[in-house]
Amino acid sequence: MSKEAERNPANAAGDWYIDTNCIDCAAAREVAPGLIIRRGGKSVFGRQPATREEEHMAWRAALLCPTASVGRTRGGKPPSDLFPQEIAPGVFRCGYNALSSFGAHSYFVARKEGNLLVDSPRYVNHLVEAFEKAGGIADVLLTHRDDVADADRYANHFSARVWIHEYDADAAPYATNILKGTAATEIDAELSAVPVPGHTKGSVIYLLSRTYLFTGDTLAWDPERKSLTAFRQACWYSWSELKRSLARLEVPFEWLLPGHGHSHHLHAQDMREHLRALVGAM
Ligand code: SF4
């Protein structure tokens, strides 16, 4: 529950607010762009919702916030269909971001070859029921050690396989499939795992249908610079290794779907040019 007594005074006046327990994970700003902004090193409402869709954006922020910092003075209940949120055909943002993953986004993919969970949200009944309705989860794809959250509980409930790289595998001792080395592994005809050591030694990017790239904390979109970005201040293993990993990342993709930071959609050729520019700048 958000604490009104701890309302950040930097919020715009009005019903919706964010309290000072915000850890600045940026997740709320991704689901409520233009409404929730960064001010003084934390997220706040830059203005109050003015439309029904903006009210939904605020509710999404409230549902996903890992510190339950997003609140509404007059209370109320969110609509029941805000998460999972379809953000690309068959690809859903789970919401319910976990504090143990510092508020990282996770994704659910519905597909005939078997549904996927990429990293993990908090374990909540609402999502379990939604995943059950969509046919369950065949594979849990973990991008790295930081974002495993409640993956064990989802894997257990759905009898799913769990993928992680050997260098981060101690964070998920229940994993069933261990990735090794730096060569890509084909999980099935549509899905591959590409090790990208850098953020952590065992970081992995997952490519689906040569279109969707799930990047964990390796790569994100910077909406201010309108470019791809990597997190030098949050690079736990090796920045130079991360640069080498991104330099050899010759995979086509149109959708960038990160754990932290912003997602983005561009033509594959434009993504390729942005990636080359980023590697050059690193
Ligand atoms: S999701 Fe919560 S903790 Fe993360 S930036 Fe938004 S308000 Fe802060």
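Why does the span of helix H6 (residues 268-281) agree with its 14 residues?

**Source.** I worked from a predicted model, in which local features need pLDDT of at least 70 and side-chain atom pairs count only at pLDDT 80 or more, while totals for chains, interfaces and linings use all residues. Residues are numbered from 1 along each chain as its sequence is written, and side-chain values use heavy atoms, with hydrogens and water left out.

**Helix H6.** I looked up the length first. At 1.5 Å a residue H6 should span 20 Å, and its end C-alpha atoms are 20 Å apart, which agrees. The expected span is 1.5 Å times one less than the number of residues. Helices (H or I, at least four residues) and strands (E, at least two) are DSSP runs, numbered from the N terminus.

I then listed the buried residues (under 20% relative accessible area, 1.4 Å probe, protein chains only): Met271, Leu275, Leu278 and Val279. They cover an arc of only 95° around the axis, which puts them on the same side of H6; the arc is that of the directions from the helix axis to the C-beta atoms. On the other side of H6, I noted Gly280 and Ala281 as exposed (over 50%).

**Sheet.** I traced an open sheet of 7 strands in the order S5-S6-S7-S8-S9-S10-S11, with mixed pairing. Its edge strands, S5 (85-88) and S11 (177-179), each pair on one side only. Pairing requires that DSSP find at least two bridges between two strands. Strand S10 (residues 161-165) pairs with S11 in the parallel sense over 3 bridges. I recorded Ile178 in S11 as the bridge partner of Ile164.
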